[in-house]
Each structure stands twice: as C-alpha cells, then as structure tokens.
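This report describes selected local features of one model: backbone geometry, a ligand site and a helix pair.

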Amino acid sequence: MSATPESSGGPSLAQQRKLVTEIPGPRSRELMARKQATVADGLPIVMPVFARRAGGGVVEDVDGNSLIDFGSGIAVTSVGNSAEAVVRRATEQLTRFTHTCAMVTPYESYLEVCEELARLTPGDHAKKSILLNSGAEAVENAVKIARYHTGRQAVVVFDHGYHGRTNLTMALTAKNMPYKHRFGPFAPEVYRMPMAYPYRWPTGPENCAEEAAAQVIDQISKQIGAENTAAIVVEPVLGEGGFIVPARGFLPRIAEFAREHGIVFVADEIQSGFCRTGQWFASEDEGLVPDVITTAKGIAGGLPLAAVTGRAEIMDAAHVGGLGGTYGGNPVACAAALGAIETMRELDLPARARRIEEVMKPRLLDLAAKHPSIGEVRGRGAMLALELVRPGTTEPDPAATAALAKACHSEGLLVLTTGTYGNVLRFLPPLVIGEELLLEGLDVLAGAFDVLESAVDGL
Ligand SMILES: *Cc1c(COP(=O)(O)O)cnc(C)c1O
C-alpha cells in the first residue's frame, strides 16, 4: 500500500495501537482547556483526547497517538470512519449541490435511501419512509405518525429504554441522570413498563420473558386501555440501558399483543440496526416484523441522517405538510447512506459482526470466569457488554466500571460505559476492524482488569 498522506484518515490509516505521549497528550490538554472556555459544560466528554484522523479500527489523536476504537462514535461508523464509498459518494454530491430541501425540490438519492430501507428492514409488506436528521427526531416522528394513524394518544415504553434528548424523547427515556434531571416538565401520555432483563429479573432468567410480558399486558390493559394506546416503542437490544437483550419470547409476545389491539409496534433500531448485531436489524433475530422502525446512527457512515420506515398505510396517515423539516434527508447525508449501505452489502457486514462476536465472546467469558466483578457477559454481534457488580452480589459497581474504562483509555483502547446503573462496559467496534486489533483491544481490556484487581488487593 502507498504511504498514507498526513491529511487522510479513512481506510488507509495505519491499523495499529501506538502511544507516543501520555493520554491525554499535551495538545489534547491544551484543547480541553479551550473547550472549558467555549463549550457548554453540559456536553460530556468520554475521553479527553481530540481526534485528528480516523479509519478502519483506529482513531488517531492530535498528539499522534493511535487508539483502538471500540466505540465507533457510539455505533455510528460501522463501515469504518471515512469509508471509501461514503467519502466518494458524499464528495461527489457536495460538488453538485449541498441542499435544496427535500420539501422544496427533491432529489433522487432521497428516494434511493427510502427504497433501500424498504428492501432491508424486516417484512415484505409495502413500506414507506421519511428521512430526518437525528435519532430523537425519528422517534418523535414515529410517535406523531402512530398517534395520527390510530387516533390514540398513549405511548408505551420500557424500563431502561433510551430514545433521545428532545422533550418527547426525554419522556420516553427511562433514566433520570443525566438525561432528564431538572429538564422537565415532560410530555404526557407516556407509560413505562417492565423490561424483560434476564440478569436482574427477580424470579430468575428462566421466568423472565413470560412474567415480564404478562405484567406489561396487564398494566397496559388496566392502566391505559389497549384501545387508548397508539404505540409501543422498544429497542430490540437496549443501547444506553446497558445492552440488555430482552429474554427470548418477550418481544414476540408484546408484538402479538400490539397486533391484536391495533397498537403500532415501533422498533427503535437506532443503535441496534444496520448490521450491528449480526443481522441487518436486531428485530430479525426473533422474526419480529415491526409496524414501524426507527433508524439513525449506523445508517450513513457518520453523516447525520435518520429515518422512520413503516407500513405504507401507517406512514401515509398524516396530512400533507404534517411531516418534514428543513434538513431532513439532506442530499450529502443521503449520498453517504447509499455509500454506507453499499459497503455493508459488499463486505457482508452482518457476517463481520457475527465474526466479531465469535472472537470476542469467548474472551469475555474467560475474563468473567477469572473476575467475579463481571456479573454478566451479554449482547449480540458487535454489540457486546460486561455488567460489573460487587463480587458475590448483583450490586452494580459503577466506580469499578469507570476505573476500568479509564485504565483502557490510558492504554489506548477507546471503550464506552453505559447502563441505567452506569455499570456496563460496552463494546461497539467498527465492523471493519481487523482481527489483530480486536484481539489487541481484548488484551488491553484484560490488562485493565488485572491492574484494577491488584490495586484493590493492595488496599
Ligand atoms: C442514540 C439513540 C437515540 C437518539 O439518537 P440521536 O441521534 O442521538 O438523537 C434514540 N434511540 C436509541 C436506541 C439510540 O441509541
């Protein structure tokens, strides 16, 4: 391969972990100081290093350190950063026009993205889509559409659910800190139900699906009335809630209940979709065919794009002019999405996600066998996690989780934490990451456990 030009990231960036300064380095620390002065403090920073280039499975910082990327910018750059087809198509679009507004004079790429969504999402019924800018905006629109279609108001969501940071999606989101605290009042007619969280189900994982589904159905029936319920909104694999995989059988039962009562079943696949869990959409795993599906994150290789895709008769319900937005389905973002989808197909990224699970899961299970602080290893495909607890209990250990993440960061492995209790380490590598980097990342993780454990022993 030819020498990598200094300016270019993308697939040509050297695929290695390399630390040339402490983390964060001096240039990043300088920029952090500038950040404190100019950016609102409410914006959190996972890792205080500033990016210079990124591609494949690495992020290079402004000090020249090269980090292994187990985050993909929160499940966004599944096709890799600056992926060739994304850059090619978006660049070509940039030179033709940057914006006309899809509501003013539309363009073909908007249609092509909607056609791809109709092809790729579960179910062979007639589907239509609307394109938007962010995940939260997609969820908001899914609720608008479901309400209009059903003429009902109530929206059902779940414990540990995350759906965004706008007013309605804060209401739909379960966790107070940091998402909702002091930001109310929240939108009304939102009802939260138990989630089938096997690890924490009071009577044990084997009873979880059935008992949770029965509780949800009973509560909807008694507290809301199925006939008043517009939509049930659920993540097929929960993201910010801690990579919870609902107990098998729970989601199909809820979807069936929705179908029996004319409730729109909305799968929020914003984090789990687009090959992440080893299938194009996580819903496929249990044969779910959602009425409506929301997508964003992985859809466009890093450009802001989101979509609501659903049964044509539901999507067509709202009056003309009732849906839209200035930038929704921006032509550069649409071109990027077509490039990302092309890459997913060409490289068979669902298979790559399954391979990542094959490599990572056994290693994570080995770690769990060695470290009693790991309560559970879970997830599917390249959406994997460790839940950390105080040894011998199921008591969440957010402090150990934060310390582990920090130890990984200082060794050049970019990992994220998550979970209602802040005690989940999550792994979301780009699906194009090389296997050597993946294994090296796992070694760094194992080392972080050892370091942490000896620190505790030393007390
Ligand atoms: C990230 C996320 C959202 C919100 O998406 P934004 O683009 O940040 O608005 C909604 N739902 C799920 C499941 C997500 O992971």
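P178 lies in the loop between α6 (167-172) and β6 (190-193), where helices (H or I, at least four residues) and strands (E, at least two) are DSSP runs numbered from the N terminus. A cis peptide bond with omega of about 5° joins this proline to M177. The model is predicted, so local features need pLDDT of at least 70 and side-chain atom pairs count only at pLDDT 80 or more, while totals for chains, interfaces and linings use all residues. Residues are numbered from 1 along each chain as its sequence is written, and side-chain values use heavy atoms, with hydrogens and water left out.

Another cis peptide bond, with omega of about -5°, links I23 to P24; P24 is in the segment before α1 (26-38). In helix α2 (residues 72-75), I74 has a positive phi near 65°. Most residues other than glycine have a negative phi, and most peptide bonds are trans.

| Protein atom | Ligand atom | Distance |
|---|---|---|
| Y162, backbone N or O | nitrogen | 3.4 Å |
| Q271, polar side-chain atom | oxygen | 2.9 Å |
| K297, polar side-chain atom | oxygen | 2.6 Å |

Taken alone, the ligand exposes 380 Å², of which the protein buries 82%; accessible areas come from the Shrake-Rupley method with a 1.4 Å probe.

Helices α4 (residues 108-120) and α10 (residues 331-346) have axes that come within 9 Å and cross at roughly 35°. Axes are lines fitted to C-alpha atoms over the stretch in contact, and angles run from 0 to 180 degrees between N-to-C directions. The crossing of α4 and α10 is left-handed, meaning that the near helix is turned anticlockwise from the far one by less than a right angle. On the α4 side, the contact (heavy atoms within 4.5 Å) is made by S109, Y110, E112, V113, E116, R119 and L120, and on the α10 side by P331, C334, A337, L338, I341 and R345. By class, the contact of α4 with α10 has eight nonpolar, one polar and four charged residues.

Conventions: Ala, Val, Leu, Ile, Met, Phe, Trp, Tyr, Cys and Pro count as nonpolar, Asp, Glu, Lys and Arg as charged, and the others, Gly among them, as polar. A polar contact is a pair of N or O atoms within 3.5 Å; within protein, one must be able to donate a hydrogen and the other to accept it, and residues adjacent in sequence count only if both atoms are side-chain atoms.
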